[in-house]
There are 4 protein chains.
Amino acid sequence: MKQETIDRIRKFSVDRDWDQFHSPANLAKSIAIEAGELLECFQWNDENYDLEHVKQELADVIVYCQDMLDKLGLDADEIVNKKMDQNEKKYPIEKAKGRADKYNQL
Amino acid sequence: MKQETIDRIRKFSVDRDWDQFHSPANLAKSIAIEAGELLECFQWNDENYDLEHVKQELADVIVYCQDMLDKLGLDADEIVNKKMDQNEKKYPIEKAKGRADKYNQL
Amino acid sequence: MKQETIDRIRKFSVDRDWDQFHSPANLAKSIAIEAGELLECFQWNDENYDLEHVKQELADVIVYCQDMLDKLGLDADEIVNKKMDQNEKKYPIEKAKGRADKYNQL
Amino acid sequence: MKQETIDRIRKFSVDRDWDQFHSPANLAKSIAIEAGELLECFQWNDENYDLEHVKQELADVIVYCQDMLDKLGLDADEIVNKKMDQNEKKYPIEKAKGRADKYNQL
């Protein structure tokens, strides 16, 4: 996201004095709760979903992820690149290509 | 995230021919699954968490969110800003300040 | 479940002195975490699942639900029947038959 | 739960012709969605929860667990006792007493 959007998310919490509620544990709960609401868009049907609703729920997950990055002083690019280093090792192209198996079953 | 990181996430799936598994419904499931793993870092204790583990699980959630944005052709800034427009209306500063109540109970 | 099974779940926690960790909030997290693990059995494929794995994860969810009932002094039949009263009103047969829509869209 | 309650849950679906939606994958999603709603009761505060709301959401999780048992032809006592056999081995009393660590860290 652009710095401007990140700042807006930050300002939203500061303005409402919500930092006190944003413990890492509460934010982890919030991400799981919103992930459940996103999943609800696909509860009974994988194909026919309401795109506008999906956008809103996905945005909620992203906002709480940003709040957690912010709270823990983390940089998204840094933690994601570190994880991608691991993923690329766990799932070598020649083994994982076209297969949805978990790394320990490749 | 930087375009470079987004491109890396995209390339990871393309190289493994995993796009076939990345239906929006499967990605919604994946976000919920990883959100559960992130929550597990705080299962029995809100304060003493393993920061390295938290970083990995948060990165997993972010990667699948990016996969979903990618799959649906969405722009993170656009959907987040649209949601923040709504959040700012639902939670006016004067009503929401210092309170963790849901908007319909303010 | 039979009283014998319920007693075994209770004894398991008592023997390990785990009651101290079983706050309602921690049990709610635990149910969500195990629900995520159950969902993982269907992450990339709705049809081909490992039944033994499904049984284990479903059992984990059920055990933590029982722990929560126990912790809050609740009776499963009572809360389920009360909820079914609501469900039957929210989803009248003539409106809901054969439709997966939410009650507010019927 | 009593057979009578189990039968009521079963009848509710049959009457509405909802069996067609109750694939194991959809029920796994439903359990995760309801687990998220239960977790929401504790989103910002572990101590002050609305007990009536908790009862409703816990009942929803239990109902979908029963639907999944029913769909897969499983017996709750059987799968739970089998899992408790494993749990008792993974967490020997002398090692696990008073500790919330995962079995691989005991």
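Visitor: How many salt bridges does a search of the whole structure find over all chains?
Guide: This is a predicted model, where local features need pLDDT of at least 70, side-chain atom pairs count only at pLDDT 80 or more, and totals for chains, interfaces and linings use all residues. Residues are numbered from 1 along each chain as its sequence is written, chains are lettered from A and ligands numbered from 1 in the order in which they are written, and side-chain values use heavy atoms, with hydrogens and water left out. A salt bridge here is a side-chain nitrogen of Lys or Arg within 4 Å of a carboxyl oxygen of Asp or Glu. Over all chains, the search of the whole structure comes up with 48.

Visitor: Which residue of chain A meets D:D46 in a salt bridge?
Guide: Side chains of opposite charge can pair when their charged atoms come close. For D:D46 and its partner, N to O is 2.8 Å. D:D46 sits in the loop between α2 (24-40) and α3 (51-72) of chain D and the partner in helix α2 (residues 24-40) of chain A, so the pair joins two chains. That partner is A:K29.

Visitor: How many residues of chain B are in contact with chain A?
Guide: Contact means heavy atoms within 4.5 Å. On the chain A side, 60 residues take part. For chain B the number is 60.

Visitor: What area is buried between chain B and chain A?
Guide: Buried area is the accessible area (1.4 Å probe) that two parts lose on being put together, summed over both. Carbon and sulfur atoms give 69% of it between these chains. The value is about 5600 Å².

Visitor: Which helix of chain B gives the most to the side that touches chain A?
Guide: First, some polar detail: chain B and chain A share 22 residue pairs in polar contact, both at pLDDT 80 or more. (A polar contact is a pair of N or O atoms within 3.5 Å; within protein, one must be able to donate a hydrogen and the other to accept it, and residues adjacent in sequence count only if both atoms are side-chain atoms.) Helices α1 (3-16), α2 (24-40), α3 (51-72), α4 (76-90) and α5 (93-96) of chain B each supply at least two residues to that side, helices being DSSP runs (H or I, at least four residues) numbered from the N terminus. With 15 residues, the top contributor is α3(B).

Visitor: What area is buried between chain D and chain B?
Guide: Here seven residues of chain D are in contact with seven residues of chain B. The rule finds two salt bridges across this interface, and D:E40 and B:K102 meet in a salt bridge at 3.1 Å, N to O. Carbon and sulfur atoms give 59% of the buried area, which is about 510 Å².

Visitor: Is the pair of B:W44 and C:Y64 stacked, edge-to-face or tilted, and what makes it so?
Guide: Rings of Phe, Tyr and Trp (its six-membered ring) pair if their centres lie within 6.5 Å; planes under 30 degrees apart count as stacked, over 60 as edge-to-face and the rest as tilted. The search finds 20 aromatic pairs over all chains. For B:W44 and C:Y64 the centres are 6.2 Å apart and the planes at 50°, so the pair is tilted.
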